[in-house]
Amino acid sequence: AKGDRVSTYLFNNQELATTLFACAKIGAIFNPINFRLKAEELAFILEDAKPEVVLFEEVLEGVVETIAPQFPAVQFWTIDGNTPSFAKNYHEQVAEAPAEDPSVEVDESDTYAIMYTSGTTGRPKGVIHRHRSMAEQSMTCIAMLKTTKNDIGLVAAPMFHCAELHCNIIPRVQAGASSIIMHQFDPFLALDTIEQEQVTVMFAVPTMWSMIAEIDGAQQKVKTLTRGLYGAAPMAPVLVKRVKAVLGIELIQAYGQTEMGPAITFLAEEDQLKKAGSAGQPAYNHEIRVVRPNEDGPSEPDEVLAPFEVGEIIVRGPSMMAGYFQREDATEKALYKGWYHSSDLGYLDEQGYLYVADRVDDMIISGGENIYPREVEDALHGHDKIQDVAVLGVPDDEDEVVLLTPDKDVPIGGRMY
């Protein structure tokens with residue numbers, strides 16, 4: 001019914017997509033859940049969101065069975081053929097449902113979804129998005145990615161995440177394009193699917209693009225692929241050059257957060273190298289400021305920093321969340337004075353391009369200097385024996401830096417001064 005929550009605990013599949021649009025049609029609230037979550041984490045979200053129905057699949061049945069007794073009022077529906085005793089079968093429920101139009105009036109201000117953030121600190125929070133904000137996000141992404149009805153997109157990143165869902169799948173549906181859904185990412189299968197289905201566009205994080213580009217013969221399988229969107233992290237210049245050389249595609253970067261729909265900025269194809277390290281310029285109808293961080297509360301939107309000064313990134317635009325589900329205090333802090341306070345550190349250059357340094361909590365202090373892990377990662381990416389890298393700060397009196405690598409020929413250890 002309208003207003004009921006419906007949760008999906010699924011890998012990528014057509015049932016997840018069908019549930020999204022079914023919820024939208026009847027005014028129910030869609031709640032996609034990260035399939036990587038363990039039993040305790042899943043139970044927390046179900047207790048918080050209180051869904052009427054939870055969809056799951058066989059590979060995740062063990063986790064669901066563990067927590068199902070805690071939720072006697074919840075209906076658990078499996079999408080697979082073997083139905084466990086604690087669940088109902090999704091396909092049987094659909095077959096038995098009436099075919100008449102539900103005749104439910106859904107307003108653009110109604111809640112479309114509650115999407116739980118991963119939560120860098122504490123428990124995850126449910127981000128509330130309304131139908132209008134997602135329509136705005138979709139139209140922005142159609143324009144920025146040049147989506148047309150002739151596109152065929154490969155869905156390889158997780159569909160529970162708003163990057164794949166809101167920046168790719170929903171825009172393609174709105175544009176009349178097609179999507180090919182992979183159950184989960186595999187670089188070899190992705191290449192075969194691109195070739196067989198004549199895929200034209202795909203979203204992937206930089207690591208996924210790197211894996212594809214490393215495969216022998218990749219160039220011959222991606223002849224129809226024209227555009228690649230990436231996000232979650234910037235792409236090191238050396239990787240940009242390799243992906244473009246091997247795959248021959250246009251690259252577009254999106255930076256964002258769940259609270260903003262997610263896309264906040266885009267880095268266009270022509271800026272990939274000349275603005276290397278940048279997250280790009282604001283999405284249409286979005287405004288970004290970099291302001292002085294406030295340790296005692298939310299940053300003040302009017303304390304705007306000069307170009308190249310590092311501060312907190314705040315943003316406002318039509319895809320901004322309505323708030324956090326049942327978390328008024330957190331909502332008030334995050335949306336202070338009408339701006340979403342991201343907790344990300346960064347700066348704007350003189351041309352208005354955004355550079356994301358890191359989250360406030362990730363900053364490393366060594367010898368009295370602020371060091372951003374992303375800057376170190378970009379430098380290490382330039383080493384020809386390093387395929388991927390992650391840098392994190394750990395309290396240490398010696399300021400020691402350790403490089404862990406499966407290749408024993410690469411020297412391990414070092415010091416930062």
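Two strands count as paired here if DSSP finds at least two bridges between them, and the helices (H or I, at least four residues) and strands (E, at least two) are DSSP runs numbered from the N terminus. With that in hand, look for the open sheet: seven strands in the order 9-8-10-11-12-13-14, with mixed pairing. Its edges are strand 9 (178-181) and strand 14 (281-282), each of which pairs on one side only.

Before going further, a word on what you're looking at. This is a predicted model, so local features need pLDDT of at least 70 and side-chain atom pairs count only at pLDDT 80 or more, while totals for chains, interfaces and linings use all residues. Residues are numbered from 1 along each chain as its sequence is written, and side-chain values use heavy atoms, leaving out hydrogens and water.

Back to the sheet. Strand 8 (residues 152-155) runs parallel to its partner, strand 10 (residues 201-203), and two bridges join them. Find Gly153 and you'll see Val201 of strand 10 opposite. Helix 7 (residues 187-197) lies across strands 8, 9 and 10, at about 160 degrees to strand 8; axes are lines fitted to C-alpha atoms, for helices over the stretch in contact, and angles run from 0 to 180 degrees between N-to-C directions.

Now for helix 6 (residues 162-175). Its axis comes within 8 Å of that of helix 5 (residues 131-144), crossing at roughly 85 degrees. That makes helix 5 roughly perpendicular to helix 6, a label for angles of 65 to 115 degrees. Residues in contact (heavy atoms within 4.5 Å) include Met134 and Ile142 of helix 5, and His166 and Ile170 of helix 6.

Helix 1 (residues 14-26) packs against helix 6 too, at about 75 degrees with the axes 13 Å apart. Here Leu16, Leu20 and Phe21 of helix 1 meet Leu165, Ile170 and Val173 of helix 6.

There are also six aromatic pairs, counted when ring centres of Phe, Tyr or Trp (its six-membered ring) lie within 6.5 Å, with planes under 30 degrees apart called stacked. One of them is Phe56 with Phe86, stacked at 5.7 Å centre to centre and 15 degrees between the planes. Phe56 sits in strand 3 (residues 53-56) and Phe86 in the loop between strand 4 (75-78) and strand 5 (88-89), so the pair ties together parts 30 residues apart in sequence.

How far to trust all this? The chain averages a pLDDT (the predictor's confidence in each residue, from 0 to 100) of 91, and 88% of the residues score at least 70. Over residues 411-417, though, the pLDDT is below 50.

How values were computed:
Parallel < 35°, antiparallel > 145°, perpendicular 65-115°, else oblique. Phe/Tyr/Trp six-rings, centres within 6.5 Å; stacked < 30°, edge-to-face > 60°.
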